[in-house]
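Here is a short note for your review. Please read the points alongside the coordinates.

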Amino acid sequence: MSRLPQKFTDWFASKGWQARPHQLEMLELGLEGESALLISPTGGGKTLAGFLPTLVDLAGPHETHGIHTLYISPLKALAVDIARNLEAPVDEMALPISIETRTGDTSHAKRKRQREKPPDILITTPEQVTLLIADPHAAHLLRSLKCVIIDELHSIVAQKRGVLLSLALARLRTHAPAARFTGLSATVADPDALRAWLAKVGTPPVPLVLGKAGAPPSIKILDSVERVPWSGHSARYAIPEVYEDIKRANMTLLFVNTRSQAELLFQELWNANEDHLPIALHHGSLDVNQRRKVEAAMAAGTLKAVVCTSTLDLGIDWGDVDLVVHVGAPKGSSRLLQRIGRANHRLDESSNALLVPSNRFEVLECTAAKQAAAENAQDSEYPMTRKLDVLAQHILACACAGPFLADGLFAEVKSAFTYRTLKRERFDQALDYVATGGYALKSYERYAKLKQDAQGMWRLAHPQLALRYKMNMGTIVANEMMKVRLASIRVKLGKRMVMGGRVIGELEEYFLSQLAYGDTFLFGGEVLRFEGMDEFGALATRAPGKEPRIPSYAGGKFPLSTYLAERVREIIANKQQWQFLPPQVRDWLSLQSWASVLPRADQMLVETFPRAEKHYMVCYPFEGRLAQQTLGMLLTRRLERWGAKPLGFVASEYALVVWCVSDLSAMIATGRISLAKLFDEDMLGDDLEAWLAESNMMKSAFRNCAIIAGLVERNFPGKEKTARQVTVNTDLIFDALRSHQPDHILLRAAWEDAADGLISVERLGAMLKRIKGHILHQALDRVSPLAVPVLLEIGRVTVQGEADDSLLAEAEADLEREASRLA
């Protein structure tokens, strides 16, 4: 501990602690000016390890000439939490260090003061760093920068936020060449990729520091005394047992994957809450003040349970949580480990977790996730790279900071890991787009944002563009949200009057636009009655006891990870692994083995059978809903050409069903349909291009790229465009570009986004390659047990994106009886 000053040694001792080896290793590297990636489990003092070199460096007398350390958090709430936790050791050791936060909520006056008198440590978010480098005073503000810390690095790099941040970090290196870069993470599948991401291209990857492994988590899968449904998403059957676990624990976090599931689970728990336990709800659409109240109550330890989504995934230390319940399958082992880490938050004590599957397929997925977590197997995503719309936004940000030469900026952009393979031709296309809008839009002055002077320097075409950039920057493109206010009713002269009240949160405009006066819906844990709209948003009153519709949200849904999909296939194929499954799930698989067949792990089962005057084909790729929806679209196009007369398809996370007029079993038996040709990789050629040309998917992807690249602006000084206005504008531009400049850089960006995020082309291609020569066909005379869940999706009564399982009870029972018939 020779490099750790006595004051720090005494402080550790006063807490009954001793500096951990990875903290001391980070201190050594930091004091030597070395960058590093620290991977350490939750509760291992990861944040303190990242800050320790800064605290030691600033512990003595020093003059503040600018920001010394920039800490970047993916969440505003996490930034505030880190600032609060960091102030404790600084105050207790009486260190002469100033700490401030800068988020989207920071006032203009405070930002101005920070520019004039910067703190030693600035705790901020990725978007604020991007705004920082776009400031003409950036070079002055960052001249003393010694360290940049990026927390929860794994969660940032797989998004466009991470791509934009990597460009901002490249600019920071230009301003502060001696600065070191530290990444902190608990769950990483590919450490080498993150080590390279943190380093400047052309230099070695940063050193890797590993924290001591914590106590292995204690993970249980609910072995319910109730019957586990064959399908569904609500886990309503398990509510009594989950409620008993909440009563036994001190504080419980209940994670779900979607906001609508959070609303539904909270309502079910509240209905079961006979003991009047303090149970709260936390998700991103609730009003910020409501979320802060919940967070404060958690920190104070006054809540018994909180139902939440990914808003509480990351490293905030919320009070004494001793149980994490995951309702529904986690979709990935890294996500599960991240969420389990919210329990205890102590390295040497096991985190307690309970997985509650919603249906029998999810039992298999939860079993796979539990096995992966026991092995500490990670499946976090590889860093996203080379997004052209993000590059265009960054070019404009650099112009806001001051004039630049194209050669210098290209070299700087290429120094970022995310653009290391960028060709000069693509960069010049992006630069031309920012300067003129591109060839097809060149005659419209509003798209001309840069001009070049006689010295070859590029600068803003008009000073007002800097303000417009600040109002529209960022990569998070959300659906249009409308405020929901809790209204009051007054009766005057016999007339019912609705009076607006306090804001309780936001809902997506398309959902609210579908409601009629008097409709009820679930939000904020309450049943509300829709009373209409005014110029400020939606008005609603409380309507307890009514059956609500469930609002859906576009965000928050996760695909099944490739890694867990492989494990699920192995569990199904290997009967020795069935010993880890509940008896009713073992019986279900045994019944499938008798009624049809169970495929090997390297095979894809395809079943065909007649039912209700239609003919069905069910396949089981286990590749997630996105990839399988794309597969369904492409299969139906081929089946149409081959005369099978397809009527429709439905994809789940695990299976895909297509139903047709023609007898598929007979067509396959007579060779009119070849399954090898039907599932051939060539479907990702002309068929995919034709489908995308006909669908609205490319327009949707283009809209998002156009917003990020600044082609259309949602916010303008003095006015704001609605989502409908933006969509109309981008649709018109999309059609014009396809006709007059089909190689426009934003059309290319939209195609890449659609392929990556909307239709999972790469994953689908890998699946088609995997099953080549390994398709197992089974012609049946009735539905199989494995096919029942996806067939129920066909008749599922959709309530704005989430299923009401009680409406399907009769249909499910009929299908189960049919699948279980012995003759």
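1. Start after helix α30. Glycine 773 follows α30 and has a positive phi, near 80°. The model is predicted, so that angle is a computed value.

2. Helix α30 itself covers residues 761-771. Its buried residues are Val761, Arg763, Leu764, Gly765, Met767, Leu768 and Ile771. Note that an arginine, Arg763, is on that list.

3. Now the overall picture. The protein has 32 helices and 31 strands. Of its 823 residues, 57% are buried.

4. Take the contacts between residues at least 6 apart in sequence: 74% of them join residues at least 24 apart.

5. Next, charge pairing. Side chains of opposite charge can pair when their charged atoms come close. How many salt bridges does a search of the whole structure find? The search returns 34.

6. Arginine 424 is partly exposed, with a relative accessible area of 30%. Aspartate 428 is also partly exposed, at 34% relative accessibility.

7. Glutamate 623 and arginine 569 form another salt bridge, with the closest N and O atoms 3.5 Å apart. This pair links distant parts of the chain, 54 residues apart. Glutamate 623 sits in the loop between β24 (614-619) and α23 (625-641), while arginine 569 belongs to helix α21 (residues 562-573). Are these two residues buried or exposed? Both glutamate 623 and arginine 569 are buried.

8. Lysine 699 pairs with aspartate 735 in a salt bridge; the closest N and O atoms are 3.6 Å apart. Again the pair links distant parts of the chain, here 36 residues apart. Lysine 699 is in helix α27 (residues 697-708), and aspartate 735 is in helix α28 (residues 723-740). Lysine 699 counts as partly exposed at 21% relative accessibility.

9. Finally, the network. Which residues are joined by salt bridges that share partners? Lys160, Lys387, Asp389 and Asp753 form one network in this way.

Methods
Residues are numbered from 1 along each chain as its sequence is written. This is a predicted model: local features need pLDDT of at least 70, side-chain atom pairs count only at pLDDT 80 or more; totals for chains, interfaces and linings use all residues. Side-chain values use heavy atoms; hydrogens and water are left out. Buried means under 20% relative accessible area, exposed over 50%, partly exposed in between (1.4 Å probe, protein chains only). Helices (H or I, at least four residues) and strands (E, at least two) are DSSP runs, numbered from the N terminus. Contact means heavy atoms within 4.5 Å. A salt bridge is a side-chain nitrogen of Lys or Arg within 4 Å of a carboxyl oxygen of Asp or Glu.
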